[in-house]
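Reader: Hi! I'm new to this one, could you walk me through it?

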Amino acid sequence: QVQLVESGGGLVQPGGSLRLSCAASGSIFRIYDMGWYRQAPGKQRELVATIASGGSTNYADSVKGRFTITRDNAENMLYLRMNSLKPEDTAVYYCNAFRVGPAGYSSWGQGTQVTVSS
């Protein structure tokens, strides 16, 4: 299994930028698909972005053009660069590692708080 630890959350002003990091350990990182999710107060957890083990990416419509998900397999790291932040982006952000199919697997980090406010 893979263990995940998020970092980089904090308080930023609207229009600002922030980079979230997710450090993975305990398994072979490069074989996992990865994703960032977020949960705002009073709302369900939603998918923000995914990046497959091969590098292909997908984004929620609400963050397209503003957020970028990347991974560094050599360092076992996942990143989420967030630009042009809006108050609506305020949420707890979670890192996820998963594999689908017969060998399905899913692991979650503890979450990191992002607050966008003036």
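This is a predicted model: local features need pLDDT of at least 70, side-chain atom pairs count only at pLDDT 80 or more; totals for chains, interfaces and linings use all residues.

Reader: Thanks! In what order do the four strands of the open sheet come?

Author: The order is β1-β3-β8-β7, with antiparallel pairing. Strands here are DSSP runs of E with at least two residues, numbered from the N terminus, and two strands pair if DSSP finds at least two bridges between them.

Reader: And which strands stand at the edges?

Author: β1 (3-7) and β7 do; each has a single partner strand, so one side of each is left without a neighbour in the sheet. From one strand to the next, the twist averages 15 degrees; axes are lines fitted to C-alpha atoms, and angles run from 0 to 180 degrees between N-to-C directions.

Reader: How many bridges join β7 to β8?

Author: Six, and β8 covers residues 77-82. Ile 69 stands opposite Leu 80 in β8.

Reader: Where is Arg 71 found?

Author: In β7, which spans residues 67-72. Arg 71 is buried but has no salt bridge, and the nearest side chain of opposite charge, Asp 33, is 5.3 Å away. Buried means under 20% relative accessible area, exposed over 50%, and partly exposed in between, with a 1.4 Å probe and protein chains only. A salt bridge needs a side-chain nitrogen of Lys or Arg within 4 Å of a carboxyl oxygen of Asp or Glu. For charge, Lys and Arg count as positive and Asp and Glu as negative, while His and the chain ends are not counted.

Reader: What does the side chain of Arg 71 reach, then?

Author: The backbone oxygen of Ala 52, at 3.1 Å. A polar atom of the Arg 71 side chain also lies 2.8 Å from the backbone oxygen of Tyr 32.

Reader: Switching topic: how many salt bridges does the count come to?

Author: Four by this rule. In one of them, Arg 38 pairs with Asp 89, with the closest N and O atoms 3.0 Å apart. Arg 38 lies in β4 (residues 33-39) and Asp 89 in the loop between β8 and β9 (91-99), so the pair ties together parts that are 51 residues apart in sequence.

Reader: Does Asp 89 sit buried or exposed, and what about Arg 66?

Author: Both are buried. Asp 89 and Arg 66 form a salt bridge too, with the closest N and O atoms 2.8 Å apart. Salt bridges that share partners join Arg 38, Glu 46, Arg 66 and Asp 89 into one network.

Reader: And are Lys 64 and Asp 61 buried or exposed?

Author: Both are exposed, and their side chains meet in a salt bridge at 3.1 Å, N to O.

Reader: Last one: which strand does Asn 96 lie in?

Author: Asn 96 lies in β9 and is buried, with a relative accessible area of 3%. Its side chain makes a polar contact with the side chain of Ser 106 at 3.1 Å. A polar contact is a pair of N or O atoms within 3.5 Å; within protein, one must be able to donate a hydrogen and the other to accept it, and residues adjacent in sequence count only if both atoms are side-chain atoms. The Asn 96 side chain also reaches the backbone oxygen of Ser 107 at 2.9 Å.

Conventions. Residues are numbered from 1 along each chain as its sequence is written. Side-chain values use heavy atoms; hydrogens and water are left out.
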